[in-house]
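Subject: Structure handover

Hello,

Here is the structure I promised to pass on. Please open it and keep it beside you as you read.

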Amino acid sequence: MSRCEAKSATAKLPAGVEAPVFAEPWQAEAFAMTVALHDSGLFSWSEWADALSAEVKQPDAASDGHDYYEHWLAALENLLSAKEVAGKGEIDALAAAWERAAHATPHGKPILLENDPGPTG
């Protein structure tokens with residue numbers, strides 16, 4: 001989305017709303033995954049709040065909060081590991097596979113994990 005398109009989209013928001021809640025689609029997806037995992041009973045909201053709080057209190061957290069959803073994602077990954085759903089290595093390997101699949105997918109086509117050509121090297 002270009003800045004002009006973003007500005008136009010913002011202009012159509014309801015009164016009192018200055019900007020979209022999520023700056024990037026991945027942020028909305030991380031939010032939705034967290035809600036879905038909570039709804040499935042994987043963790044309580046207090047467990048989530050503790051995990052997210054620990055991340056945003058990290059010394060490297062931006063004071064202006066621009067990295068909030070990066071901390072959100074880290075908290076989610078840590079909970080998945082703590083609950084033995086997926087370890088850090090598994091999460092990192094899957095993220096790398098999606099990245100390779102994205103680079104291997106022609107422009108305008110859906111990114112599918114089966115497009116991953118596999119690790120090189």
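The model is predicted, so local features need pLDDT of at least 70 and side-chain atom pairs count only at pLDDT 80 or more, while totals for chains, interfaces and linings use all residues. Residues are numbered from 1 along each chain as its sequence is written, and side-chain values use heavy atoms, with hydrogens and water left out.

**Fold**

The protein chain has five helices and zero strands. Helices (H or I, at least four residues) and strands (E, at least two) are DSSP runs, numbered from the N terminus. Of the 121 residues in the chain, 19% are buried. Buried means under 20% relative accessible area, exposed means over 50%, and partly exposed is in between (1.4 Å probe, protein chains only). Contact means heavy atoms within 4.5 Å. Among contacts between residues at least 6 apart in sequence, 35% join residues at least 24 apart.

The largest nonpolar core has 13 residues. Such a core is a set of buried Ala, Val, Leu, Ile, Met, Phe, Trp, Tyr and Cys residues joined through side-chain atoms within 4.5 Å. Residues with the most contacts inside this core include Phe43, Trp48, Trp72 and Leu79. Two or more residues come from each of helix 3 and helix 4 (68-82). Helix 4 gives the most, with six residues.

Helix 4 has 15 residues and reaches 21 Å from its first C-alpha to its last, close to the 21 Å expected. The expected span is 1.5 Å times one less than the number of residues. Its buried residues pack against helix 2 (25-39), helix 3 and helix 5 (88-104). Among them are Tyr69, Trp72 and Leu79.

Leucine 79 is in contact with Phe43, Glu47, Trp48 and Ala51, leaving aside neighbours within four places in sequence. With the same exclusion, tyrosine 69 is in contact with Phe22, Trp26, Gln27 and Phe31. Tyrosine 69 has a relative accessible area of 13%. Just after helix 4, glutamate 84 takes a positive phi of about 60 degrees.

**A buried glutamate**

Glutamate 55 sits in helix 3 (residues 45-56). This residue is buried yet has no salt bridge. A salt bridge is a side-chain nitrogen of Lys or Arg within 4 Å of a carboxyl oxygen of Asp or Glu. What is the nearest side chain of opposite charge? That is lysine 88, 10.0 Å away. Lys and Arg count as positive and Asp and Glu as negative; His and the chain ends are not counted.

Glutamate 55 does have a polar contact of 2.8 Å with the side chain of asparagine 78. A polar contact is a pair of N or O atoms within 3.5 Å; within protein, one must be able to donate a hydrogen and the other to accept it, and residues adjacent in sequence count only if both atoms are side-chain atoms.

**Salt bridges**

The structure holds three salt bridges.

- Glutamate 47 pairs with lysine 83, the closest N and O atoms being 2.7 Å apart. Glutamate 47 lies in helix 3 and lysine 83 in the loop between helix 4 and helix 5, so the pair ties together parts 36 residues apart in sequence.
- Aspartate 92 pairs with lysine 88 at 3.0 Å, N to O. Both lie in helix 5, four residues apart.
- Arginine 100 pairs with aspartate 116, with closest N and O atoms 2.7 Å apart. Arginine 100 is in helix 5 and aspartate 116 in the segment after helix 5.

Best wishes
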